[in-house]
Amino acid sequence: MDTSVYEAHRDKMMTGDAVIFSGTGLVSSIIKWRTKSPFTHVAMISRWKAYETERVLLSHATAEMGVHLVPVSRYLSRHKGSAWWVPLRKEGLPLDYDKQLRDVVLQDLGRQYDFHGIGQFLLPAWFQQQEGRRFCSKQSALWLTKIGLLQDTFVSPGSFIAQPIFKTPVSLI
């Protein structure tokens with residue numbers, strides 16, 4: 001996928017912003033059907049600077065790797081579908097919210113993906129969530145809850161970005 005639109009917005013993206021996706025596969029189709037929303041995956045932006053290098057990474061949970069970090073450009077270049085950047089409203093945030101958010105992300109790296117939790121979300125009568133595991137929107141909401149920006153942690157990708165702490169989505173691909 002072409003990442004030129006992302007590259008044009010990259011310098012404006014901040015820790016705590018979301019990226020929302022609309023996938024094209026079978027699981028994405030089921031999520032769209034169940035949530036009545038075009039959105040199938042959500043991730044959080046994390047800006048990391050070490051020495052002279054600054055990276056813009058996605059912090060998220062995927063079935064393949066659990067909770068992990070990946071460069072936004074790499075994920076977008078391989079994504080089949082659409083993606084939007086959803087800026088976090090910065091008004092009223094604690095001055096160190098970005099450090100707090102990076103800290104809680106680091107605590108969850110390596111956590112396993114919650115297949116039962118996504119099953120519970122899609123087919124609640126047949127699945128129970130597994131403690132300590134996360135699926136994408138649950139993980140992103142939990143990070144923001146831990147630093148006091150959200151209340152609800154059991155949300156779909158679409159309802160996650162509908163929270164009043166986010167601005168209007170901007171198309172990336």
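In what order do the elements of the chain run from the N terminus on?

**View 1. The whole chain and its elements.** In this predicted model, the elements run α-β-α-β-β-β-α-β-α-α-α-α-β from the N terminus on, and the chain holds 7 helices and 6 strands (DSSP runs, H or I of at least four residues for helices and E of at least two for strands, numbered from the N terminus). Residues are numbered from 1 along each chain as its sequence is written, local features need pLDDT of at least 70, and side-chain atom pairs count only at pLDDT 80 or more, while totals for chains, interfaces and linings use all residues. Side-chain values use heavy atoms, with hydrogens and water left out.

**View 2. Helices α4 and α6.** Helix α4, residues 97-108, packs with helix α6, residues 136-146, at an angle of about 130°, and their axes lie 9 Å apart.

**View 3. The contact of α4 with α6.** On the α4 side the contact is made by L101, V104, V105, Q107 and D108, and on the α6 side by Q139, W143, L144 and K146 (heavy atoms within 4.5 Å).

**View 4. Interior and surface.** Of the 173 residues in the chain, 49% are buried (under 20% relative accessible area, with a 1.4 Å probe and protein chains only). The chain exposes about 8,900 Å², of which carbon and sulfur atoms supply 55% (Shrake-Rupley method with a 1.4 Å probe).

Notes:
Axes are lines fitted to C-alpha atoms, for helices over the stretch in contact, and angles run from 0 to 180 degrees between N-to-C directions. Buried means under 20% relative accessible area, exposed over 50%, partly exposed in between (1.4 Å probe, protein chains only).
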